[in-house]
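Good morning, and thank you for joining this group meeting.

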Amino acid sequence: MNLRDKVAVVTGGGSGIGRATAIRLAREGAKVLVADYVKEGGINTVSTIIAAGGEASFILTDVSQEKDVRHMIEAAESIYGGLDVVHNNAGVLSGPRFPDAPPKYWTRAIDINLCGVLYGIYYGVPALKRRGGGVIVNTASRSGLTPFIIDPVYAATKAAVVNLTRSLTFLKEEAGVRVNC
């Protein structure tokens with residue numbers, strides 16, 4: 001995909017894989033909406049992109065909150081006139097190891113790692129369709145393919161993302177949207 005003048009949203013864009021992806025997308029010519037729930041990290045990523053001559057904006061987003069994800073997709077369309085790429089990247093470890101961890105830890109990991117991806121797809125697909133199609137990339141993990149005894153809940157959420165992604169191949173034909181992880 002030629003990224004020149006394409007519009008991309010990257011969740012978890014304030015650090016790690018999300019930051020690196022946002023910077024790379026901008027270097028390849030995309031306009032990037034950096035979404036993160038840590039304001040300083042997101043703004044830093046945007047500053048780095050702009051300093052290198054790219055185009056980017058920041059939006060404070062907690063992907064575990066449906067309204068935030070809906071607003072993020074709306075913002076991409078409002079600021080840049082459309083959407084071509086959704087990178088559902090935000091993710092967290094669950095905290096103390098399951099089953100010792102209280103529910104507040106593992107439900108947060110499920111809400112971010114799985115529900116955040118579901119919301120990104122749910123709100124992203126209609127926006128991508130309005131542009132004639134596009135790409136969704138869901139960050140999974142090797143832990144989604146093999147046991148991860150350090151954090152079983154994290155492994156379960158990433159396995160769900162892998163299988164969800166595999167189950168959405170029909171979107172290529174029906175909506176012109178490729179879904180990968």
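The crossing of H1 and H2 is right-handed, that is, the near helix is turned clockwise from the far one by less than a right angle. This is a predicted model, in which local features need pLDDT of at least 70, side-chain atom pairs count only at pLDDT 80 or more, and totals for chains, interfaces and linings use all residues. Residues are numbered from 1 along each chain as its sequence is written, and side-chain values use heavy atoms, leaving out hydrogens and water.

Helix H1 covers residues 16-27 and helix H2 residues 39-51; their axes come within 10 Å and cross at roughly 25°. Axes here are lines fitted to C-alpha atoms over the stretch in contact, with angles from 0 to 180 degrees between N-to-C directions. H1 and H2 are therefore roughly parallel to each other, a term for angles under 35 degrees. H1 contributes Arg19, Ala22, Ile23 and Ala26 to the contact, and H2 contributes Asn44, Thr45, Thr48 and Ile49; contact means heavy atoms within 4.5 Å. Of the residues in this contact, four are nonpolar, three polar and one charged.

I turn now to the strands. From strand S4 (residues 85-88), Val85 and His87 point one way, while Val86 and Asn88 point the other way, and all are buried, meaning under 20% relative accessible area with a 1.4 Å probe, protein chains only.

Which strands pair with S4? Strand S1 (residues 7-11) pairs with S4 in the parallel sense over three bridges, and Val9 has Val86 as its bridge partner in S4. Strand S5 (residues 134-138) runs parallel to S4, joined by four bridges, and Val135 in S5 is the bridge partner of Val85. Pairing requires that DSSP finds at least two bridges between two strands.

Key. Helix = DSSP H or I, 4+ residues; strand = E, 2+ residues; numbered from the N terminus. Parallel < 35°, antiparallel > 145°, perpendicular 65-115°, else oblique. Nonpolar A, V, L, I, M, F, W, Y, C, P; charged D, E, K, R; others polar. Buried < 20%, exposed > 50% of the residue type's maximum accessible area, 1.4 Å probe, protein only.
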